[in-house]
Amino acid sequence: MGKNKLARFRENETFALLHQPAFADLFRGDFELKGRWHRDFFGNENPIVLELGCGRGEYTVEMARLFPDKNFIGIDVKGARLWRGAKAATEEGRRNVAFVRTRIEVITSLFAPGEVSEIWITFPDPQPSRARKRLCSPMFLNRYAKILAPQGVVHLKTDSRMLHEYAKAVLAASGVAPLQSAADLYAEGVDAVLSIKTAYEEIFISEGYPITYLKFLLPQGKALVEPEGFTYSGGVPKARTRQSRQVAILRTGRFCA
Ligand SMILES: C[S@@+](CC[C@H](N)C(=O)[O-])C[C@H]1O[C@@H](n2cnc3c(N)ncnc32)[C@H](O)[C@@H]1O
């Protein structure tokens with residue numbers, strides 16, 4: 001393991017706003033702050049907004065700056081990435097930010113029913129051959145539905161056209177109409193929140209990938225289902241650099257020249 005990574009892991013231990021529960025504990029039982037985030041961590045009743053697969057936590061930190069009257073929690077399994085957001089929020093003395101290093105699979109061990117007001121899924125791995133692993137698969141969405149308050153909105157921002165189409169197909173198969181759907185977000189105009197850019201987003205924008213966006217509600221008490229026979233035959237834009245070519249292959253499972 002690189003020295004840099006080890007140094008970040010050590011510094012992570014010092015951040016009061018970064019929680020690193022053992023995965024096995026969350027698999028077997030509930031996190032100590034489940035149902036108590038407002039009272040025992042944030043010390044207020046403000047809405048809680050999640051960023052899932054947050055990486056460096058750009059959305060978490062930037063939205064916390066824009067909306068001091070809301071609470072933001074970024075979740076990711078990668079500690080070296082979370083370090084950046086946790087360090088920025090700590091240095092700024094942010095009281096409305098937390099990060100949790102864990103797997104999103106155990107999200108219902110972290111939050112009580114209705115404890116979360118809004119969810120952002122920012123540039124998740126498309127997982128071309130493992131639909132169940134996609135953070136917008138019915139398996140994950142049904143878990144989010146359990147912790148979201150009624151009328152809690154989910155936002156999905158991705159460069160992957162395949163993932164965008166897949167998420168729309170999941171909603172259609174489940175009888176849910178999206179509140180907003182954009183195949184090329186920046187061509188349609190964005191507000192201050194939608195124009196926040198993550199690390200991955202910056203790479204894909206610089207390489208000419210259109211950014212897609214989907215906004216939707218999750219039905220209460222009705223499970224979402226996998227779309228039957230979903231296939232995606234579209235390509236991805238031609239990559240211009242070695243880095244973007246590698247990222248394109250990694251993220252889409254194929255490369256279209
Ligand atoms: C492509 S990166 C995007 C990171 C960041 N949102 C961005 O846009 O720069 C996907 C992130 O999701 C995280 N991730 C993927 N599956 C996860 C899971 N099941 N639980 C927790 N984190 C996960 C990865 O560790 C990674 O940081």
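Two strands pair if DSSP finds at least two bridges between them, and the strands themselves are DSSP runs labelled E of at least two residues, just as helices are runs of H or I of at least four residues, each kind being numbered from the N terminus. The model shown in these views is predicted, so that local features need a pLDDT of at least 70 and side-chain atom pairs count only at pLDDT 80 or more, while totals for chains, interfaces and linings use all residues. Residues are numbered from 1 along each chain as its sequence is written.

**View 1. Strand β8 and its two partners.** Strand β6 (residues 148-158) and strand β8 (residues 212-217) pair in the antiparallel sense over 6 bridges, with Leu156 standing opposite Leu214 in β8. Strand β7 (residues 180-182) also runs antiparallel to β8, to which it is joined by 3 bridges, and here Leu214 is the bridge partner of Ser181.

**View 2. The largest nonpolar core.** A nonpolar core is a set of buried Ala, Val, Leu, Ile, Met, Phe, Trp, Tyr and Cys residues joined through C-beta atoms within 7 Å. A residue is buried if 20 or more other C-beta atoms lie within 10 Å of its own, exposed if 12 or fewer, and partly exposed in between, with the C-beta atoms placed from the backbone. The largest such core has 60 residues, and Ile119, Cys136 and Tyr144 are those with the most contacts inside it. Helix α7 (residues 161-173) supplies the largest share of this core, 6 residues. Setting aside residues up to four places away in sequence, Tyr144 touches Ile107, Ile119, Val154 and Leu218, where contact requires C-beta atoms, placed from the backbone, within 7 Å.

**View 3. The shell around the ligand.** Of the 18 residues around the ligand, Gly53, Gly55, Phe123, Thr198 and Tyr200 come nearest (a residue is near a molecule if its C-beta atom, placed from the backbone, lies within 6 Å of it). The shell divides into 7 nonpolar, 4 polar and 7 charged residues, where Ala, Val, Leu, Ile, Met, Phe, Trp, Tyr, Cys and Pro count as nonpolar, Asp, Glu, Lys and Arg as charged, and the others, Gly among them, as polar. Its largest share, 3 residues, comes from helix α9 (residues 199-206).

**View 4. Arg103 in its loop.** Arg103 lies in the loop between β4 (97-101) and β5 (116-122), and it counts as exposed because it has 12 C-beta neighbours inside 10 Å. Leaving aside neighbours within four places in sequence, Arg103 is in contact with Phe23 and Val77.

Notes: Two residues are in contact if their C-beta atoms, placed from the backbone, lie within 7 Å.
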